[in-house]
Amino acid sequence: MSYHAPALKTSILTSCTLIAFAANSLLTRMALGPGSIDAASFMTLRLVSGATMLLAVMTFSQGKSVVKLQGKWTAALMLFLYAVTFSFSYLQLAAGTGALILFGSVQVTMIVAALKQGEKPHPLEWAGLLLALMGLLYLVSPGLAAPPVVGSLLMVMAGVAWGFYSLLGRGSQDPVAYTTANFIRAVPFAVGVSLISLSEMHLTLTGVVLALLSGALASGVGYAMWYAALKGLTATRAATVQLAVPVIAALGGILFLQETLSARLVLASLLILGGIGLAVMGHSEQ
């Protein structure tokens, strides 16, 4: 019982986190796609609402104050870089192309870091990662033609920043406190970008609400769960399971955005989820 309990906790946290990440993608598309809000304001509201939600969670559930928060300025900077480049890149990129660039960059960043640190992935983990990447490439292949250079570079930066942000949080003893501190420290950077982009500010009620939901729930709570889940994941496994996010987001698009279910989506989902399964099996055999 004592052996399986931590694994079950990690599985539940990971599953909830991936759903939150997918919800974040959907909320961002819904806000920035039709121009309901400008990218800088969306990013700033996302970080501010995330910090507020996390502070509320800490105050009412743990009784901790801001003074006691133990975060890292490096992690906060990575969080900010991810948030700002992610928002602005989606002004140019199609959703499928952006997802491929983002998660491909995350995989490369985390796996290279894992190899540099001496981690030796099981052959099944390598096979699973390759199969999952093939599925993701197949899923988004129609959107690969000549993506805008600036948007692509911004999304690569977002993926690298998110990869390092995940790696920096693996050793956190208190994921909620750590994430809260990172959000709080990232807010001044976000406000600075909004001030610079003041002439481009455009707000609607719909855009503001979507940004707040993205920050408070999909980002704030989601990232806290991710840091907690990372305690039970190797860097390779953490990189691989995130490939499920585009699949979940696509299914969410069908349910909430009236997008069409296609044979391509079904096959790509089987490849990605099958690859994740292989990676998990490889991890369990080590």
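Met225 is in contact with Leu13, Cys16, Thr17 and Ala20, leaving aside its neighbours within four places in sequence. This is a predicted model. Met225 and Leu13 stand 212 residues apart along the chain, yet their C-alpha atoms are separated by 5.8 Å. Met225 itself has its place in helix H8.

H8 covers residues 205–230. Its 26 residues should span 38 Å at 1.5 Å a residue, and its end C-alpha atoms are 35 Å apart, which agrees. H8 is bent, too: the bend is about 30 degrees, at Ser214.

Now turn to the partners of H8. Two packed helices are described by the angle between their axes and the distance between the axes. Take helix H7 (residues 175–196) first. The axes of H7 and H8 come within 8 Å and cross at roughly 135 degrees. Angles over 145 degrees would count as roughly antiparallel. H7 passes H8 in a right-handed crossing. On the H7 side, the contact is made by Pro175, Val176, Tyr178, Thr179, Asn182 and Phe183. On the H8 side, Ser219, Gly220, Tyr223, Ala224, Tyr227 and Ala228 take part. By class, the residues of this contact divide into eight nonpolar, four polar and no charged.

H7 has its own bend. It is about 30 degrees, at Val187, and a proline, Pro188, follows within four residues. From first C-alpha to last, the 22 residues of H7 reach 32 Å, close to the 32 Å expected at 1.5 Å a residue.

Helix H6 (residues 149–168) also meets H8. Their axes come within 9 Å and cross at roughly 60 degrees. H6 and H8 are therefore oblique to each other. Trp162, Tyr165, Ser166 and Leu168 of H6 meet Tyr223, Trp226, Tyr227 and Leu230 of H8. This contact has seven nonpolar residues, one polar and no charged.

H6 leads on to helix H3 (residues 73–89). The axes of H3 and H6 come within 8 Å and cross at roughly 150 degrees. That angle makes H3 roughly antiparallel to H6. The crossing is left-handed. H3 brings Thr74, Ala75, Met78, Leu79, Leu81, Tyr82, Thr85, Phe86, Phe88 and Ser89 to the contact. H6 brings Gly151, Leu154, Met155, Met157, Ala158, Ala161, Trp162, Phe164, Tyr165 and Leu168. These residues divide into 16 nonpolar, four polar and no charged.

Technical notes:
Residues are numbered from 1 along each chain as its sequence is written. This is a predicted model: local features need pLDDT of at least 70, side-chain atom pairs count only at pLDDT 80 or more; totals for chains, interfaces and linings use all residues. Side-chain values use heavy atoms; hydrogens and water are left out. Axes are lines fitted to C-alpha atoms, for helices over the stretch in contact, and angles run from 0 to 180 degrees between N-to-C directions. Helices (H or I, at least four residues) and strands (E, at least two) are DSSP runs, numbered from the N terminus. Angles under 35 degrees count as roughly parallel, over 145 as roughly antiparallel, 65 to 115 as roughly perpendicular and the rest as oblique. Contact means heavy atoms within 4.5 Å. Ala, Val, Leu, Ile, Met, Phe, Trp, Tyr, Cys and Pro count as nonpolar, Asp, Glu, Lys and Arg as charged, and the others, Gly among them, as polar. A crossing is left-handed if the near helix is turned anticlockwise from the far one by less than a right angle, and right-handed if clockwise. The expected span of a helix is 1.5 Å times one less than its number of residues. The bend at a residue is the angle between axes fitted to the seven residues ending there and the seven starting there.
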